[in-house]
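Have the viewer open and try each task before you read its solution.

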2 protein chains.
Amino acid sequence: MHKYKLLLNPSLDETVHVVNEALKKGFLSLLVGLCRVNYKGRASSVLGWGERLVIIKRDGSVLVHRTWDFQPVNWQPPGSVLQASTRGRNLTIRSVRLKPRESLEIEFEKVFSVLVMDLVDEAEFTMYASEKDMQKAVMANPELVEEGLRPLVKEKEVEHGFIDVYAVDREGNIVIIELKRRIATSDDALQLSSYVEEVKKRSGGRGVRGILVAPSASKKALFLLEKHGLEFRTLNPQKCAELVESSSKRITDFF
Amino acid sequence: MHKYKLLLNPSLDETVHVVNEALKKGFLSLLVGLCRVNYKGRASSVLGWGERLVIIKRDGSVLVHRTWDFQPVNWQPPGSVLQASTRGRNLTIRSVRLKPRESLEIEFEKVFSVLVMDLVDEAEFTMYASEKDMQKAVMANPELVEEGLRPLVKEKEVEHGFIDVYAVDREGNIVIIELKRRIATSDDALQLSSYVEEVKKRSGGRGVRGILVAPSASKKALFLLEKHGLEFRTLNPQKCAELVESSSKRITDFF
DNA sequence: TGCTAAATCTCGAAC
DNA sequence: GTTCGAGGTTTAGCA
């Protein structure tokens, strides 16, 4: 951390100065105090007086956090334009987004602490076990779904959307595979069904199967699959990520 | 604010003590320092060394924020069980969630500041212009959609889900209304289409219309509506909220 | 820029 | 406890 500034029980004028300065320099600001919040834009919201944490980031995003809940109670996304000012006896922070037009107003009656910092963070963030990882794993190791399966195309476009994996089974049937990294829902089953119906229309009498592949599925999803003559296979996204990882490692080792 | 504690450049042992104490008492903790983060559970992620803000809330939720982005880079939802400890020369904060099993590990090499507070926040949070508001408005003022429309049921159950508003038009046709508070997508059009098809099967030859009602719609959504013989009406959720508000006020005034 | 689909989606309500 | 659907969803990828 190169620079920081800490104020305890600051005057509102002092706070305005420090926050506007932080905004100009692109520093991170944390404010804790007694405030109320109004939002108007895609929807409207009102939050009465209470003690909260307000975070102002260098990209213009604003977060209002209560002492509970993962989600901020109010916020403004990156790119919003923000200004702090004193009006009467209170401090107001106003943030406006242009597209879509929406505005957030935080009014402080009392600020307990202000912490402004120039944090240094150059690290990369990497995630594994996404749906893309499952797709790669199934393309490279189709036996994860079924012995003898031959994947032909991924992301095959059809009228309603995209088929995750388009394959052919041992007996020459077309196999439509829908992948989900989470518990499959009835929506997922219906989506697969619509893909299968569409492919059936153009398959010229060739057999068409549909397989929903996910770590698990809801009861209604399983019921709908059964009803539409579709199948379900269990597949753990973490296992897929490990496979993708180890195979890319093997390639790296080779060179 | 009843109580708070602030540490600047604390030792890691001191930090462990204060954080565990805060957890026990259900206070909000803010930590700023140099850390790295690993997550494993529904997915996996790795984040290298960098300076960040860590928020620990009284319900057990944990947030790791970088100086940019609206979203936390890593997190743990409410109900997770957390513990701080020193291992070797570093401070580790470990948070575990049981269902689904996932764990977050934050390792601090250096803590710049710790702020622990007992924030008081009893205020209510209220939101307007939800889809429910649109539903109420259309039930009470069906002319928002079409002159002469008579709404019969809301949340009518059909095989695939629930019809937002089930109505009859001037000419006695059944009208299926699907409401969206945001720009309508092609999925929304297809959902409406499936409702209409299902109702047609049981309508005994009676005319069935489908209307998608939203502030606007994507091109593909409009194309699909056209293709399936469905209709679109513009309706602003904010306007609906105002109507609902003013009518409930009228009722209040009456008593 | 608009649009589509994934997300460690989260969150709440209904069952 | 499970499931389902809304959300100021956000975000990234791609046309």
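**Exercise 1: Around DNA strand D**

Task: Find which residues come nearest to DNA strand D.

Solution: In this predicted model, 21 residues lie around DNA strand D, and those that come nearest are Arg42(A), Trp75(A), Gln76(A), Lys220(A) and Arg181(B). Next, turn to the DNA side: of the atoms of DNA strand D within 4 Å of the protein, 77% belong to sugar and phosphate.

Now look at single contacts. The side chain of Arg181(B) has an N or O atom 2.4 Å from a phosphate oxygen of DNA strand D. For the side chain of Ser218(A), the distance to a phosphate oxygen is 3.1 Å. A base is reached too: a side-chain N or O atom of Glu102(A) is 3.3 Å from a base nitrogen.

β5 (74–76) and α4 (219–227) of chain A each give two or more residues to the surface near DNA strand D, and β5(A) has the largest share, with 3 residues.

**Exercise 2: Around DNA strand C**

Task: Work out which parts of DNA strand C, sugar or phosphate and bases, the protein comes within 4 Å of.

Solution: Then check examples. A backbone N or O atom of Phe70(A) is 3.2 Å from a phosphate oxygen. On the base side, a polar side-chain atom of Asn74(B) lies 3.0 Å from a base oxygen, and a polar backbone atom of Trp75(B) is 3.0 Å from a base oxygen.

Notes: Residues are numbered from 1 along each chain as its sequence is written. Chains are lettered from A and ligands numbered from 1 in the order in which they are written. This is a predicted model: local features need pLDDT of at least 70, side-chain atom pairs count only at pLDDT 80 or more; totals for chains, interfaces and linings use all residues. Side-chain values use heavy atoms; hydrogens and water are left out. A residue is near a molecule or strand if one of its heavy atoms lies within 4 Å of it. A polar contact is a pair of N or O atoms within 3.5 Å; within protein, one must be able to donate a hydrogen and the other to accept it, and residues adjacent in sequence count only if both atoms are side-chain atoms. Helices (H or I, at least four residues) and strands (E, at least two) are DSSP runs, numbered from the N terminus.
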